[in-house]
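Student: Could we go through this structure together, term by term, and set each value against its definition?

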Amino acid sequence: MSNITVCARFRPLSSKERSNHGDSVCIHGIDNESFIFKDDKEENFKFGFDRVFYEKSEQAEVFEFLALPIIRDAFNGMNGTVITYGQTGAGKTFSMEGPSILACDEQKKGLLQRTVDELFDCMKSSDASVKFTIKLSMVEIYMEKVRDLFDLSRDNIQIKESRVQGILLSGVTEICVFNSAEALQSLASGISNRAVGETQMNMASSRSHCIYIFTVQQELTKEKRVKAGKLLLVDLAGSEKAEKTGAEGKVLEEAKTINKSLSALGNVINALTCGSPGKAFHIPYRDSKLTRILQDALGGNSRTALLCCCSPSTSNSAESLSTLRFGTRAKHIKASPHAHCSEESNAKKHGVYEATKDESMERILNKLRERLDVENVNLLEELFIMEGIILDPNSVEDLDLAFEDVTLQTITSLQHMVEDLVCAVEELKSENKALKTRIAAGGKIDAFHKEAGENGYASIVHKISDRLSHLVSWIWPFSSATH
């Protein structure tokens, strides 16, 4: 296992920072891996990262150290993620996109353009017998909804999880791209749909988290294998303080949502790095859409890099210190990514007819009918149709997962049966107590036995017997199916 790569980048002072606070800065560089940071109380802190990029660092330096190794691993079937994090106006989007996705010189190209160029360069230099497919998706998380930036009608994309593929965005648009120019044109159209707004700290402040998704699939015809790697570039919206940004109305509500999701990201980082070794503990990935999408990147099944973008101005020292501390915690996250490879099926190799998706689903349902009640299988079939879930009949894992879901439903029903039984027992105790009170008051033993035999105990015993019979009818087929 290895730690994720964490770098810090300090942008040059802005004209506003120079006019208001002069040339004073809060950092003093030691080398390309460490520096001294001075906070607003004149207290010094020493920070060390995998690499530190100071004000005069070039875009190409950032790309080559941070992203290039991850891109090359994506061609070996590994997942990779590059995240830009920091205060609003700290240079995250510039690091990711440069001044413009299309119209900028070579020197100022961001991570995004250089990633696209590298993907197609790798493809051109690969073995001619390998067939490549590169697909592109682009979403933003705006006001805690995942929006498809290639199709704005899809404004509430659902996040799903597969044992084989990991975290998935259900129904998101995937565009096949065949060269760099085509890919950049598609990205430009998506970026134009992104939510932005003006604040006192940034003329074009990102009001959403933006995620660029590249899927690289290669068919190795000689080896009869398919390798697929997924590459995510994540441009996070910046943390904000209302007194500095002057946000109000809609912009303020956007800022609150942004800060809440960034706080959830911080909680996930804390949970991942502060747990006791060897002990199971809860990681709150589901607390926000951002952390849910980044679950693979943070949970270990991805090679991940984090770029902490900061302002060097003393006026922003508190925000920069918070960003650097976040990066320091993230350095302790462990990662163990693995390649995603699959052998071609025997059916494909020998030209055997392959089932359609609908036929595949029906085969799974028939297998489940052999083990479960018809009602549960019918419910599962309805869920398949509603959610658009199609399982692979050749995957034992998917079949087991479906069986587990229905099993959980069955166990829940059993729990309800047991609760009813407990209530019946409590009812018996209550009526028994009432009858004893009447005995003590009247002393009519014969009358009590008669009433208890005819109305009291017989009624309660019948209720318990009825519930027990229901319970047994549930447990018997369930226990038989598991043996």
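Tutor: Isoleucine 27 stands opposite phenylalanine 37 in strand 4, strands being DSSP runs of E with at least two residues and helices runs of H or I with at least four, numbered from the N terminus. This is a predicted model, in which local features need pLDDT of at least 70 and side-chain atom pairs count only at pLDDT 80 or more, while totals for chains, interfaces and linings use all residues. Residues are numbered from 1 along each chain as its sequence is written, and side-chain values use heavy atoms, with hydrogens and water left out.

Student: How do you know that strand 3 and strand 4 pair?

Tutor: Two strands pair if DSSP finds at least two bridges between them; strand 3 and strand 4 (residues 34–38) have three bridges, in the antiparallel sense.

Student: What makes strand 3 and strand 5 edge strands?

Tutor: The open sheet has three strands in the order 3-4-5, with antiparallel pairing. Strand 3 (27–29) and strand 5 (44–48) each have a single partner strand, so one side of each lacks a neighbour in the sheet. From one strand to the next, the twist averages 25 degrees.

Student: Why is helix 2 called oblique to helix 4?

Tutor: Helix 2 (residues 59–74) and helix 4 (residues 111–124) pack at about 45 degrees, with their axes 10 Å apart, where axes are lines fitted to C-alpha atoms over the stretch in contact and angles run from 0 to 180 degrees between N-to-C directions. Angles under 35 degrees count as roughly parallel, over 145 as roughly antiparallel, 65 to 115 as roughly perpendicular and the rest as oblique, so helix 2 is oblique to helix 4.

Student: Which classes of residue make up the contact of helix 2 with helix 4?

Tutor: That contact has nine nonpolar, two polar and three charged residues, where Ala, Val, Leu, Ile, Met, Phe, Trp, Tyr, Cys and Pro count as nonpolar, Asp, Glu, Lys and Arg as charged, and the others, Gly among them, as polar.

Student: Why is threonine 115 called buried, and what does threonine 115 touch?

Tutor: Buried means under 20% relative accessible area, exposed over 50% and partly exposed in between (1.4 Å probe, protein chains only); threonine 115 has 0%, and is therefore buried. Not counting residues up to four places away in sequence, threonine 115 touches Phe63, Ile71, Phe214, Leu231 and Leu233, contact meaning heavy atoms within 4.5 Å.

Student: Why does phenylalanine 65 count as partly exposed?

Tutor: Phenylalanine 65, which is found in helix 2, has 31% relative accessibility, and therefore counts as partly exposed.
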